[in-house]
Amino acid sequence: AALGMGAAPAKPTSRERVWVTGASGGLGEEVAAAYAARGCALVLSARRRRELDRVAARCREAGAPTAEVVPLDQGDAASVERALRGALAAPLDVVVLCGGVGSRAAALDTDAATLRRLMETNFLATAELGRRCARHFLDCKRDGRIVVVSSVQGFFGLPQRAAYAASKHALHGYFDALRAELAAETAARVSVTVCAGINQSSRRGSRRR
């Protein structure tokens with residue numbers, strides 16, 4: 001039916017359930033808010049519980065029917081496992097993997113412990129989250145979308161970004177291969193999208209979401 005004079009347009013609605021990691025601020029928060037405006041049910045993950053609660057309230061006000069908070073520290077394997085159990089307790093449609101840590105340091109000054117932390121947080125945890133969500137879609141015979149927020153440094157490295165670039169190169173290789181494998185699956189259609197942007201926060205040192 002046509003809208004009457006001065007009537008507000010109907011809000012777009014979606015029945016999708018969307019999991020956003022790194023949702024306590026920055027790009028992750030804005031992604032969550034955009035899905036909320038479409039009426040999606042949200043699962044929000046990051047380390048900072050207080051900030052997640054704030055984002056959840058914002059998303060509910062924006063139109064999300066539910067905004068569940070599931071804490072996640074990507075540098076802690078046990079936390080990753082707990083978050084996966086919580087987020088995948090109900091059918092999922094989309095996962096947007098925004099969580100990670102930035103780093104600014106010369107390669108010669110970056111020790112093995114720092115490099116390991118970057119790889120565990122940015123690559124290993126993100127790969128496990130993506131892999132398990134892909135398995136969830138296939139096991140449920142449910143079409144799904146995996147979105148990985150990466151960086152242009154997944155294509156080339158820059159001075160002072162060696163460890164960070166290495167973690168993003170690994171992400172691109174892993175998810176490019178996963179995309180090719182999923183294309184051959186018949187149980188469900190699962191897409192993999194890698195978004196490469198410029199990490200502004202890395203200019204100010206390490207920052208985790």
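Guide: Buried means under 20% relative accessible area, exposed means over 50%, and partly exposed lies in between (1.4 Å probe, protein chains only). This is a predicted model, in which local features need pLDDT of at least 70 and side-chain atom pairs count only at pLDDT 80 or more, while totals for chains, interfaces and linings use all residues. Residues are numbered from 1 along each chain as its sequence is written, and side-chain values use heavy atoms, with hydrogens and water left out.

Visitor: Cys98: buried or exposed?

Guide: The relative accessibility of Cys98 is 1%.

Visitor: How many salt bridges does the structure hold?

Guide: Side chains of opposite charge can pair when their charged atoms come close. A salt bridge here is a side-chain nitrogen of Lys or Arg within 4 Å of a carboxyl oxygen of Asp or Glu. The number of salt bridges is 16.

Visitor: How many residues apart in sequence are the parts tied together by Glu81 and Arg132?

Guide: Helices (H or I, at least four residues) and strands (E, at least two) are DSSP runs, numbered from the N terminus. Glu81 and Arg132 form a salt bridge whose closest N and O atoms are 3.0 Å apart. Glu81 is in helix H3 (residues 77–87) and Arg132 in helix H4 (residues 112–139), so the tied parts are 51 residues apart in sequence.

Visitor: Which residue forms a salt bridge with Asp93, and where does that residue lie?

Guide: Asp93 counts as buried, at 12% relative accessibility. The partner of Asp93 is Arg142, with the closest N and O atoms 3.1 Å apart. Asp93 sits in the loop between H3 and strand E4 (94–97), and 49 residues away, in the loop between H4 and strand E5 (144–151), lies Arg142.

Visitor: What separates Asp139 from Arg135 in helix H4?

Guide: The side chains of Asp139 and Arg135 meet in a salt bridge, 3.6 Å from N to O. Asp139 is exposed at 52% relative accessibility, whereas Arg135 is partly exposed, with a relative accessible area of 45%. The two are four residues apart in H4, so the separation is about one helical turn.

Visitor: What is the angle between H1 and H2: roughly parallel or roughly antiparallel?

Guide: Axes are lines fitted to C-alpha atoms, for helices over the stretch in contact, and angles run from 0 to 180 degrees between N-to-C directions. Angles under 35 degrees count as roughly parallel, over 145 as roughly antiparallel, 65 to 115 as roughly perpendicular and the rest as oblique. Helix H1 (residues 26–37) and helix H2 (residues 49–62) pack at about 25°, with axes 8 Å apart. H1 and H2 are therefore roughly parallel.

Visitor: Which residues of H4 make the contact with H3?

Guide: Contact means heavy atoms within 4.5 Å. The axes of H3 and H4 cross at roughly 25° and come within 11 Å, so H3 and H4 are roughly parallel to each other. From H3 the contact involves Val80, Glu81 and Leu84, and from H4 it involves Ala125, Glu128, Leu129 and Arg132.
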